[in-house]
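Please look over the sequence and the model below before reading the notes, which are grouped by topic.

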Amino acid sequence: MKALTVLQTGPLCTVQDRGRRGHAAVGVGRSGAADLRSHDAANRLVGNDFGAATLEVTFGGLQVRAEFDAVMAVTGAHVICRVDGTVQGLHSTLVVRAGQELTLSPPTSGLRSYLAVRGGIDVPPVLGSRSTDTMSGLGPDRLSPVTVLPVGDATDQWPATDFVVPNPLEQTLHITFGPREDWFTEHARSVLVQQPWTVTQDSDRVGIRLDGVQPLTRAVDDELPSEGMVLGALQVPPSGQPVLFLADHPVTGGYPVIAVVTTNDVSAAAQLTPGTRIQFRATG
């Protein structure tokens, strides 16, 4: 039987792929891996195709047993990975024999780890994706102990390398101003990129709430009709403290978006832990 048995999940473990794109018009968000770069790297290491599903592990604590001789890889946050107690390398190809157990410690830096197995996690897709959307409830349930996860055949040709360079844990995120930057004062636009922002405890796969000494002040006090939201949007509620939308963000929102974090830096944002201080830098 090609399967993994989940023994422990840690704080949160979900199945993720590249998301269910193209359904925003009917109110369904993209979801998918929060740190897409690490998810893709894990799949490349085990020779999976573009759409294979992995396990996204938030703050470590995962323990799984291989029910067959499996090829795996762990990327993302800096954790200690062990197979039957022996420390293994991250960002590299691992062979886990049938009956062996792989465990991940809490991270020393970063937040989310990605476990890929050759063939991909083969849970039933919903609207073309195997991703768990924690806000809408679409997709497979959050994983719990004793869950048996079938492994499929979503393989590609073997990769040319058995190691990938880990992505840096960035604390400077690049943004593009708009679409509602004109709803904010010139001073607020300067504050956004000049002062540091702290990641709060109130952060999850939907978004990251940020806290700054100076809130962002609006130039327009009108109500904004609900409009479409995108991955990486920096939405500003009445408090003036922005929220950075991640993978499970709502498809619409009624607060103005002052700027959008670049696609590449959204993956970096997904690794930010509470208490981290970050800076925004405008592109162009």
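Thr14 lies in strand β2, residues 12–16, where strands are DSSP runs of E with at least two residues, numbered from the N terminus. This is a predicted model, in which local features need pLDDT of at least 70 and side-chain atom pairs count only at pLDDT 80 or more, whereas totals for chains, interfaces and linings use all residues. Residues are numbered from 1 along each chain as its sequence is written, and side-chain values use heavy atoms, with hydrogens and water left out.

- Thr14 is buried at 0% relative accessibility, buried being under 20% relative accessible area with a 1.4 Å probe and protein chains only.
- Leaving aside neighbours within four places in sequence, Thr14 is in contact (heavy atoms within 4.5 Å) with Thr54, Leu55, Glu56, Thr132 and Arg142.

**Surroundings of Ile278**
- Ile278, placed in strand β20 (residues 277–282), is also buried, with a relative accessible area of 1%.
- Apart from residues up to four places away in sequence, Ile278 touches Gln171, Leu173, Gln195, Pro196, Trp197, Leu210 and Leu272.
- Ile278 and Leu173 are 105 residues apart in sequence, while their C-alpha atoms are 7.4 Å apart in space.

**An open sheet**
- Six strands, in the order β7-β6-β9-β4-β1-β11, form an open sheet with antiparallel pairing, where two strands pair if DSSP finds at least two bridges between them.
- The edge strands, β7 (86–88) and β11 (148–150), each pair on one side only.
- Within this sheet, strand β4 (residues 62–66) is joined to the antiparallel strand β9 (residues 101–104) by three bridges, and the bridge partner of Arg65 in β9 is Glu101.

Notes. Helices (H or I, at least four residues) and strands (E, at least two) are DSSP runs, numbered from the N terminus. Buried means under 20% relative accessible area, exposed over 50%, partly exposed in between (1.4 Å probe, protein chains only).
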